[in-house]
Amino acid sequence: MPLLLRTSLSGPQKSVDLSREDADLRVRRTSLLAMGGAVVDEGPPGIKAPDGGWGWAVLFGCFVITGFSYAFPKAVSVFFKELIREFGIGYSDTAWISSILLAMLYGTGPLCSVCVNRFGCRPVMLVGGLFASLGMVAASFCTSIIQLYLTAGVLTGLGLALNFQPSLIMLNRYFSKRRPIANGLAAAGSPVFLCALSPLGQVLQDHYGWRGGFLILGGLLLNCCVCAALMRPLVAPKSGGGPGPQQSSRRLLDLSVFRDRGFVIYAVAASIMVLGLFVPPVFVVSYAKDLGVPDTKAAFLLTILGFIDIFARPTAGFITGLKKVRPYSVYLFSFAMFFNGFTDLTGSTASNYGGLVVFCIFFGISYGMVGALQFEVLMAIVGTHKFSSAIGLVLLMEAMAVLIGPPSGGKLLDATHVYKYVFLLAGAEVLTSSLVLLLGNFCIGSRTEASKPEAAAPEEEKLQKPPVDVSVDSREVEHFLKAETEKNGEAVHTPETSV
């Protein structure tokens, strides 16, 4: 039902009928305006997401950035044997390079949100590309493992983080109706680059050593700056030769997302999921070797997993983008998590190479579904205006789980020397996360349904209630009356997408 707002325009007071949803958006923007802060680099109000055009160039840039961000920490591991020989250290010492890279990618989420909200996506990504390249170039001159931690780990990880999060934000602004398939195609960059960077790293090590390989990889990371140049901000057209619409002011990091129960449920579920999500790919090769499989055939398992993942992500994005499926994207994401956890449980029973091949096929499908849907669902929950802060906070919570997950699996393996228990633990964690998301969504959905009788009350009753007195900037209301009703990059919230 319409909600009556009293607004002050240039003349006497007038009454403006706004829909409940639009009024709620204006109230939130006005309260944020009163809170102060820096101007957020978000899509201009009143302009629709293009869903094409230059958005395809943005999608390509996001594809490359996602590939570097997720595949690079794994691809660096091909140099570990040379580093062990060079510095006389153990495998666990060199493994910290990949761990630090991932920790920086996830743990600096709030910092990235602050930088994006202060300076915009494109400048942050340009600086991030320089940091990532500089880190690998400096690493090629290191003389100790500590120096590698600081250069290849901290500096390169920070650079990749400053590219990854802004690229997702820009993708959210350029795509609305086609956003699920766009997210799926961008997420496919991870397995594609993993299949390419790992063999490339081996070739570079054979021909130029680890120092030359790091130097060349540092040059490749400069392509992040090229991708940053593709992130052209959306510009609202000026109407009648007057000034364009004014953007609202907002804090650098919007912590009000924690008041959204849907966001809290999603963040908790995602953190539990990450505890077990990355464990099977880390241990599946060792699992095969423990069964007596030759090293070459054991390593081929990851190739199978990555190949299936390449096709699973765009397919999941395409299915989610269907009109009849998109309102239920939260349930589809919960199913993907359940599917992944169930695959881990069944994979623990594998007793030969054929069983592990089947496990990798189904794990690749479920893993690709999770990768394609996780950020799409977050975008649907918080909307365009809060996504830059929400993704930073979620990545920070996931960073803690990333640091705990694989080491806890390793400790369980050291204590039992049975890989079956490691897969059972990972599967139980992912299954738990799917139940948290599903049950939380049911709870919020039931509360939404309970509020429907009030919405269906007679209009005469509602008119007797005192109107909500909200002070809104006259320029904002005037622009709102002229603007199109479709919002930039935001899915309409229904009981099904209320999480």
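Visitor: Leaving aside neighbours within four places in sequence, which residues is Asp-309 in contact with?
Guide: Keep in mind that this is a predicted model. With those neighbours left out, Asp-309 contacts Pro-191, Gly-364, Tyr-367 and Gly-368.

Visitor: And where does Asp-309 sit, and is it buried or exposed?
Guide: Asp-309 is part of helix α13. It counts as buried because its relative accessibility is 3%, and the cut-off for buried is under 20%.

Visitor: What's the geometry between Phe-307 and Phe-311?
Guide: Their aromatic pair is edge-to-face, with 5.1 Å centre to centre and 70° between the planes. As for Phe-307, its relative accessible area is 49%, so it is partly exposed.

Visitor: How many aromatic pairs are there?
Guide: The count comes to 19 aromatic pairs. Ring pairs also link Tyr-287, Phe-359, Phe-363, Tyr-367 and Phe-423 into a cluster. Tyr-367 is also one of the contacts of Asp-309.

Visitor: Now the core. Which residues touch the most other members of the largest nonpolar core?
Guide: That core has 123 residues, and the ones touching the most other members are Phe-68, Phe-72, Ile-97, Leu-148, Phe-263, Phe-333 and Leu-378. Helix α15, residues 353-382, gives the most to this core, with 16 residues.

Visitor: Why does this core lie between domain 1 and domain 2?
Guide: Because both domain 1 (49-233) and domain 2 (253-448) give residues to it.

Visitor: What does Leu-378 touch?
Guide: Not counting residues up to four places away in sequence, Leu-378 touches Phe-263, Tyr-266, Gly-383, Phe-387, Ala-390, Ile-391 and Val-394.

Visitor: One more: where is Val-76 found, and what is it in contact with?
Guide: Val-76 is in the loop between α2 and α3. Beyond its neighbours within four places in sequence, it is in contact with Ile-97, Leu-101 and Phe-214. Val-76 counts as buried, at 2% relative accessibility.

Visitor: And how far apart are Val-76 and Ala-95?
Guide: They are 19 residues apart in sequence and 9.5 Å apart in space, C-alpha to C-alpha.

Technical notes
Residues are numbered from 1 along each chain as its sequence is written. This is a predicted model: local features need pLDDT of at least 70, side-chain atom pairs count only at pLDDT 80 or more; totals for chains, interfaces and linings use all residues. Side-chain values use heavy atoms; hydrogens and water are left out. Rings of Phe, Tyr and Trp (its six-membered ring) pair if their centres lie within 6.5 Å; planes under 30 degrees apart count as stacked, over 60 as edge-to-face and the rest as tilted. Buried means under 20% relative accessible area, exposed over 50%, partly exposed in between (1.4 Å probe, protein chains only). Helices (H or I, at least four residues) and strands (E, at least two) are DSSP runs, numbered from the N terminus. Contact means heavy atoms within 4.5 Å. A nonpolar core is a set of buried Ala, Val, Leu, Ile, Met, Phe, Trp, Tyr and Cys residues joined through side-chain atoms within 4.5 Å. Domain bounds come from an automatic or database domain assignment.
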